[in-house]
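I opened this notebook to keep track of what I looked up, step by step, in a structure that I had not seen before.

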Amino acid sequence: MRAVIRSIAPALPSRGGKFLGEKFAFALAFFVLLAMPGTADDLGDGKRGAALFAKCKGCHQVGKGAENGVGPHLNELFGRRAGSVAGFKYSKAFQRAGSKGLEWHADTLGTFIANPRSLVPGTRMSFRGYDDPIDQADLLAYLRTFSVSPADIPEADPTARGIDHDVDPAILAIAGDPEYGAYLSSECTTCHQAEDSDAGIPSIVLWPEEVFVIAMHAYKDNARAHPVMNMIAGRLGDEEIAALAAYFATLEH
Ligand code: HEC
Ligand code: HEC
């Protein structure tokens with residue numbers, strides 16, 4: 001992966017002339033990433049990212065015992081809603097962006113790191129930063145190491161993986177019974193927090209029902225590999241999955 005970026009990059013116009021070449025290299029890298037299951041290292045060079053993080057350190061902590069400073073801590077960043085770290089007082093602009101649904105993924109983080117105000121006008125983060133896609137990829141690879149769960153890697157996003165598994169339309173048509181779903185859900189909430197949370201295990205509330213059903217069947221059919229979820233989904237029938245989808249889709253925050 002890294003080798004692909006590096007072997008292409010030197011052949012392209014350099015930093016000054018930049019855009020086309022680097023954007024292309026990045027797009028290509030991204031494409032390969034989507035097509036291929038990967039490890040955290042695939043996104044970029046985390047070691048280089050650690051050095052780039054020096055510019056963020058004055059305001060942000062990461063790692064064990066990280067606390068909020070001028071900016072919020074950046075652990076468990078991937079998949080987390082913008083402006084959602086407890087105990088950090090965000091700007092109004094940020095609270096608004098979060099409640100409108102802004103989430104941190106490779107694409108939104110890239111835009112934000114390049115120019116925070118282009119993504120969240122009015123944010124207090126005054127840093128104007130890394131617009132080189134390779135820098136961004138390296139920095140994100142570093143930040144990703146402060147995630148607990150494999151679901152934090154972009155290719156595990158529900159939209160990236162859930163909807164490409166074939167599920168019989170008859171199964172998708174089943175109308176789930178949310179009350180039955182509530183009854184079944186206690187097995188799930190021992191790991192998945194009932195509310196939308198960033199505790200490391202992916203949030204499964206407020207998903208579109210269809211995406212939820214497809215994700216569960218992908219585990220059930222072993223199209224998506226995760227031993228625990230494969231076992232759990234394997235025990236559930238179609239009606240039960242539909243019921244859980246209906247229940248979790250409507251849970252209030
Ligand atoms: C001068 C201080 C400062 C620097 C330097 C800085 N930030 Fe920030 N950052 C903030 C503040 C303050 C916020 C909260 C913004 C708000 O409430 O509007 C923030 C928010 C963020 C968020 C959103 C977090 C969340 O919980 O939603 C991310 C991601 C982020 N910064 C990444 C970075 C990265 C990566 C760097 C280095 C390239 C960096 N920041 C450099 C002050 C800074
Ligand atoms: C023992 C802990 C555990 C239990 C119990 C559990 N899950 Fe999970 N679940 C996980 C983990 C870990 C993942 C991330 C797996 C991965 O990366 O593919 C996950 C992933 C998922 C996903 C996909 C999330 C995403 O972001 O793509 C769904 C949907 C899901 N679980 C639903 C359920 C339901 C419904 C139940 C109850 C019937 C349940 N889980 C019970 C640990 C658990």
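**Whole chain.** I began by noting that this is a predicted model. I then looked up the secondary structure, and found that the protein chain has 15 helices and zero strands. For burial, I noted that 32% of the 253 residues of the protein chain count as buried. I also checked the contacts between residues at least 6 apart in sequence, and 66% of these join residues at least 24 apart.

**Ligand 1.** Which residues are the closest to ligand 1? I found 29 residues around ligand 1, and the closest of them are Cys56, Cys59, Gly71, Ser91 and Met125. The elements that contribute two or more residues to this shell are α4 (54-57), α5 (92-99) and α6 (106-114), and α6 gives the most, with three residues. Sorting the shell by class, I wrote down 19 nonpolar, eight polar and two charged residues.

**Helix α13.** I next checked the length of α13, residues 209-220: at 1.5 Å a residue, its twelve residues should span 16 Å, and because its end C-alpha atoms are 16 Å apart, the model agrees with that expectation. Is α13 mostly covered or mostly open? I found α13 mostly covered, since ten of its twelve residues are buried. Among the buried residues I listed Phe212, Val213, Ile214 and Met216, and also Glu209, His217 and Lys220. Just after α13, I noted that Asn222 takes a positive phi of about 60°.

Conventions: Residues numbered from 1 in each chain as written. Chains lettered and ligands numbered in written order. Predicted model: local features only at pLDDT ≥ 70, side-chain atom pairs only at ≥ 80, totals over all residues. Helix = DSSP H or I, 4+ residues; strand = E, 2+ residues; numbered from the N terminus. Buried ≥ 20, exposed ≤ 12 C-beta atoms within 10 Å, placed from the backbone. Contact = placed C-beta atoms within 7 Å. Near = placed C-beta within 6 Å. Nonpolar A, V, L, I, M, F, W, Y, C, P; charged D, E, K, R; others polar. Expected span 1.5 Å × (residues − 1).
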